[in-house]
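Have the model open while you read.

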Amino acid sequence: MIKQYDQSFVLETAHTSYIFRLLPTKQLEHLYYGKKLTVSSSKDIEPLIEQHAFAPGNTNIYDEEHPEYSLEDMRLEAGMIGKGDIRIPFVEIIHADGSSTNDFLFQEAKINTSHTPIRTLPYALNNKEELEVTLVDEAYAVILKLYYNVYPEYDIISRRAVVINNSDEEIKVNRLMSTQLDFSNHNYVLTTFNGNWTNEMNRHDHIIESGIHINASLTGCSSSRANPFVMLSGKHTTEDDGDVYGLNLIYSGNHYEAVEVTSYGKMRFIAGINPQNFSFLLKQSDSFESCEAVMCYSSHGFNDMSKHMHAFINDCIVRGTWQHKERPILLNSWEANYFKINEQKLLRQAKAAKKVGIELFVMDDGWFGKRDNDQSSLGDWQYDPKKLPHGLKHLVDKINEIGLDFGIWVEPEMVNVDSSLYRSHKEWTIEIPGHNQSEGRHQRILDLCNPEVVGYLTDVMSELFSSANIKYVKWDMNRTFSDIYSQYLPSSQQQEVFHRYIIGLYKLLDNLTKAFPDILFEGCASGGNRFDLGMLCYMPQIWASDNTDALCRYHIQNSYTYGYPLSVISNHVSSTPNHQTLRTTPLDTRYNIACFGILGYETNLADLSNEALEEIKNQIAQYKAYRHTFQFGTFYRIKQDLHNWCVVSSDQKEAMGMIMQELVLPNRQHHQFIARGLKEEGHYHFFNQEKQYNVKLFGDLINTASPIHIKQDSLAHHVVAKFVKMPGEVEDVHTSGSVLMYGVNLKQAFSANGYSEQVRYFQDFASRLYFIQEESEIK
Ligand code: GLA
């Protein structure tokens with residue numbers, strides 16, 4: 001709901017209010033963003049207005065008629081340079097006369113019934129109302145439009161801006177942010193998620209005391225170095241209680257989120273396209289659009305904010321055929337084969353996949369050109385006849401005959417110098433002609449600023465996707481930008497390359513997703529180097545990390561869930577020892593972590609033991625039975641000694657929970673599982689899936705029970721292990737939702753003494769999955 005009371009604007013969602021007003025000096029003053037306030041007149045709003053009777057000390061006053069207003073210490077909707085505000089600006093425009101002073105003043109406001117389209121960038125769907133505020137810098141004939149969109153049921157408000165050049169001279173937009181929040185104090189913690197390849201999404205909490213803290217990417221992608229999702233929370237906010245703002249951008253390129261504590265103790269948060277290495281030339285009548293910023297406030301802690309973000313992303317960001325559709329369980333060929341693939345091997349692995357219940361077979365890198373390593377062939381998207389002697393279509397048909405759908409890996413944005421494409425189109429890459437070029441993974445980036453390149457890639461990919469029965473595409477992007485120069489743009493526009501690349505990318509993705517609406521696209525950029533809301537407007541799921549180690553994955557996935565729903569997080573069960581860390585973790589833990597989200601496997605199933613295959617078969621059958629909740633349920637992070645997750649179906653009738661331990665603490669045997677999101681008074685059955693353990697997992701402890709001595713790892717040990725299984729513990733509880741949410745005491749964990757079905761075998765990196773089902777009454 002958007003309301004206007006005299007000079008004030010009130011944006012309301014189910015549980016939040018956002019309020020600002022027009023100052024007598026005609027700038028917009030921010031008044032409030034937080035828990036919903038009851039206001040129905042401008043009188044109700046008055047107490048929210050900061051009182052100004054004089055401008056303090058050596059500040060500048062905006063104009064003579066208003067000696068009480070110094071913009072330096074006012075809370076504004078859009079800060080700008082040159083009229084007294086000396087904080088990080090929202091907008092910075094260099095005019096034809098060289099000045100960067102901007103004086104945008106209110107002209108009009110109107111309420112639109114739907115989202116005004118963004119010409120060049122993706123934006124959220126399903127909004128109910130939009131407030132469009134027009135500000136004008138009369139002296140330079142430049143317009144700044146601020147757009148506010150309200151998504152009431154998700155408690156989401158979005159913001160963005162547009163600059164229009166109405167003058168008859170060229171101007172340069174040096175920065176245009178998407179949102180700005182001026183807080184009256186700085187009692188907040190800024191949470192950012194940083195990392196790098198195979199080490200995405202490390203959570204960092206920064207207590208903001210003074211100065212400026214910046215979370216940004218200059219890689220050309222939203223990046224694994226600094227995800228654009230950030231949070232501002234109270235110092236005591238927990239998963240279940242306290243104030244938190246979740247903030248994100250619908251953008252996949254260089255982004256920028258900054259928090260500045262002012263010398264008056266106030267705090268400005270600002271977010272948008274990174275202004276570093278950025279400047280956009282606007283000719284007469286041209287306009288520039290910022291990306292859309294997504295904001296969510298909750299007074300009920302991180303989980304509640306995440307819940308709203310998740311629902312918003314599922315309903316308003318992800319779109320198309322696969323939006324609410326259950327996603328297939330896949331086998332990806334990469335870690336089983338790397339570049340060494342061929343038809344025979346793939347078919348063998350696909351057959352093994354079918355036997356355990358997998359639904360989709362994905363042929364990863366290595367299938368095209370002469371791609372025997374990462375030094376050649378990107379750009380040449382024709383199958384390698386040595387590896388696929390009967391062609392791609394033949395392989396796909398064979399995979400379909402086995403009973404699996406087929407998916408393919410591509411990295412369309414890239415080219416190797418050793419490729420026919422590069423040899424014939426050297427002018428199509430991002431590089432400075434005649435200079436030494438830096439490369440990443442031996443590859444160069446195609447210049448998507450150039451519409452001809454976008455058109456070419458649309459054609460080549462369309463041809464590939466329609467050449468066989470392709471149901472899934474893994475769209476990869478494996479380097480960061482260097483030698484930033486478009487051979488297509490004139491020198492005066494080279495600062496536009498980063499942003500124009502993203503506009504070109506979105507155009508390409510728009511072309512292809514419209515042409516192939518039924519293909520399931522999975523985003524990937526060396527894992528999570530482009531995990532953002534922009535990509536999710538085209539690709540319903542993203543490969544979260546090249547790190548498939550269960551312990552690392554727990555932390556990576558846990559962090560993603562602060563800002564992103566399970567339905568977009570793609571996870572694979574892989575080999576042990578793990579290829580990235582050489583850590584050995586139990587197969588059930590690898591699955592127990594991967595099943596929270598989109599499940600896949602990435603290991604040579606044709607080489608696994610029958611025992612492992614049997615376990616995988618059970619995992620897959622179980623996942624299929626609970627898939628909807630694992631992919632689309634309401635997810636909760638639970639703080640306790642063990643790692644603890646819970647995901648609940650929308651009707652609260654079904655839930656799954658997970659606990660995981662890192663290292664065993666000796667003689668610490670009593671653990672709990674804690675549920676969330678159940679009906680307090682509902683009756684539930686809490687249970688686990690019975691398991692049997694290989695006796696060899698107990699090593700030479702076998703001799704404490706065996707009548708004859710058995711040498712560890714001897715033939716005798718193997719033979720006994722074939723016939724003797726150790727029973728796993730059984731959990732079987734009937735109780736109320738409120739008790740389960742307080743916590744269930746689990747079977748005692750193994751700790752040196754006797755083992756029986758009453759004892760939980762719980763080694764390093766052990767985990768458990770629990771099931772909770774509503775029943776009509778407590779049994
Ligand atoms: C990237 C991806 C991997 C795999 C390889 C193939 O690293 O993240 O999953 O597809 O490329 O080269």
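This is a predicted model: local features need pLDDT of at least 70, side-chain atom pairs count only at pLDDT 80 or more; totals for chains, interfaces and linings use all residues.

Residues are numbered from 1 along each chain as its sequence is written, and side-chain values use heavy atoms, with hydrogens and water left out.

**Strands and sheet**

- Helices (H or I, at least four residues) and strands (E, at least two) are DSSP runs, numbered from the N terminus.
- β1 pairs with strand β2 (residues 8-12) in the antiparallel sense over 4 bridges; two strands pair if DSSP finds at least two bridges between them.
- An open sheet of 4 strands runs in the order β1-β2-β3-β4, and its pairing is antiparallel.
- β1 (2-5) and β4 (28-35) sit at the edges with a single partner strand each, so one side of each has no neighbour in the sheet.
- On average, neighbouring strands of this sheet are turned by 15 degrees against each other, direction ignored.
- Further along, strand β31 (residues 634-639) pairs with strand β32 (residues 643-648) in the antiparallel sense over 6 bridges.
- β31 and β32 form a hairpin with 3 residues between them, and Phe635 has Val647 in β32 as its bridge partner.

**Helix packing**

- For the angles, axes are lines fitted to C-alpha atoms, for helices over the stretch in contact, and angles run from 0 to 180 degrees between N-to-C directions.
- Helix α11 (residues 587-594) packs against helix α12 (residues 610-632) at an angle of about 15 degrees, with the axes 11 Å apart.
- That makes α11 and α12 roughly parallel to each other (under 35 degrees counts as roughly parallel, over 145 as roughly antiparallel, 65 to 115 as roughly perpendicular and the rest as oblique).
- The α11 and α12 crossing is right-handed, meaning that the near helix is turned clockwise from the far one by less than a right angle.
- Leu587, Asp588 and Tyr591 of α11 make the contact with α12 residues including Ala612, Ile616 and Phe630; contact means heavy atoms within 4.5 Å.
- By class, the contact of α11 with α12 has 6 nonpolar, 2 polar and 2 charged residues (Ala, Val, Leu, Ile, Met, Phe, Trp, Tyr, Cys and Pro count as nonpolar, Asp, Glu, Lys and Arg as charged, and the others, Gly among them, as polar).
- Helix α2 (residues 301-317) and helix α10 (residues 550-563) pack at about 75 degrees, with their axes 6 Å apart, so they are roughly perpendicular to each other.
- In α2, Phe302, Met305, Ser306, Met309, His310 and Ile313 meet Thr561, Tyr562 and Gly563 in α10, a contact with 5 nonpolar, 4 polar and no charged residues.

- Most residues other than glycine have a negative phi, and most peptide bonds are trans.
- Thr576 and Pro577 are joined by a cis peptide bond with omega about -5 degrees, and Pro577 is in the loop between β29 (569-574) and α11.
- Ala752 has a positive phi of about 75 degrees although it is not a glycine, and lies in the loop between β40 (748-749) and β41 (759-760).
- Is Ala752 buried or exposed? Ala752 counts as exposed at 67% relative accessibility (buried means under 20% relative accessible area, exposed over 50%, partly exposed in between, with a 1.4 Å probe and protein chains only).
- Phe765 also isn't a glycine, and its phi is positive, near 65 degrees.
- Phe765 sits in the loop between β41 and β42 (767-775) and is buried, with a relative accessible area of 11%.
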